[in-house]
Amino acid sequence: MELNIAVCPQDLSEVLHWLSNQAAVHWLAPRPRLYLQNEIASMIVQDNGVSAAADYKAPDAHFFWKAGLDGKGQVVGIGDSGIDMNSCFFRDPAIPFTPPGDGKEWISPNHRKVVYYYSLADTMFR
């Protein structure tokens, strides 16, 4: 079993001492603090790189967005072994995914994420 805890800096020493004396505790390790870098990543993708002097908040740092290309209304084709349509990344409460009778092809131009889905022989819908 793993337990992650957050501790205020002023209490860290006391908490570590207490935890290290517990029989059930076999390992203590710091957990890195992770930060999203979406603004920087989007600038790298749109500008083919980034320099130390680059300002990702500058208006001209995102050339595609500045030109009005922000992904709205875009359709992208992807080939994969399947999609979990119950995943929060693909589910659309307004347009439920109902597999077709033959279990092969599903089309819905109004779905929020998936407009066309064609399954192969080993695809199973739940």
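Let's start with a space you can look for yourself: the second largest pocket has a volume of about 680 Å³. Lining this pocket are 23 residues, and V76, I78, I83, V114 and Y116 are the closest to its centre. By class, the lining of the second largest pocket divides into 11 nonpolar, 9 polar and 3 charged residues. Please keep in mind as you explore that this is a predicted model.

Now turn to the largest pocket, which holds about 1000 Å³ of space. Its lining is made of 24 residues, with L3, N4, I5, L28 and A29 nearest the centre. Of the residues lining the largest pocket, 18 are nonpolar, 3 are polar and 3 are charged.

The chain has 126 residues, and 14% of them count as buried. As for contacts between residues at least 6 apart in sequence, 16% join residues that are at least 24 apart.

Next, the aromatic side chains. A pair of aromatic rings is described by the distance of the centres and the angle of the planes. The structure holds 2 aromatic pairs. In one, the rings of F97 and W106 have centres 4.7 Å apart and planes at 70°, so this pair is edge-to-face; the angle that counts here is one over 60 degrees. The other links F97 with Y117, again edge-to-face, at 6.0 Å centre to centre and with 75° between the planes.

Where do F97 and Y117 lie in the chain? F97 is in the loop between α3 (63-66) and β1 (105-107), while Y117 is in strand β2 (residues 116-118), so their pair ties together parts that are 20 residues apart in sequence.

Taken together, F97, W106 and Y117 form one aromatic cluster.

Definitions and conventions: Residues numbered from 1 in each chain as written. Predicted model: local features only at pLDDT ≥ 70, side-chain atom pairs only at ≥ 80, totals over all residues. Heavy atoms only, no water. Phe/Tyr/Trp six-rings, centres within 6.5 Å; stacked < 30°, edge-to-face > 60°. Helix = DSSP H or I, 4+ residues; strand = E, 2+ residues; numbered from the N terminus. 1 Å grid on protein atoms, 1.4 Å probe; cavity = no way out; pocket = protein on both sides within 12 Å on 5 of 7 lines; lining within 4 Å. Points joined across faces, edges and corners; volume = space filled by probe spheres on them. Nonpolar A, V, L, I, M, F, W, Y, C, P; charged D, E, K, R; others polar. Buried < 20%, exposed > 50% of the residue type's maximum accessible area, 1.4 Å probe, protein only. Contact = heavy atoms within 4.5 Å.
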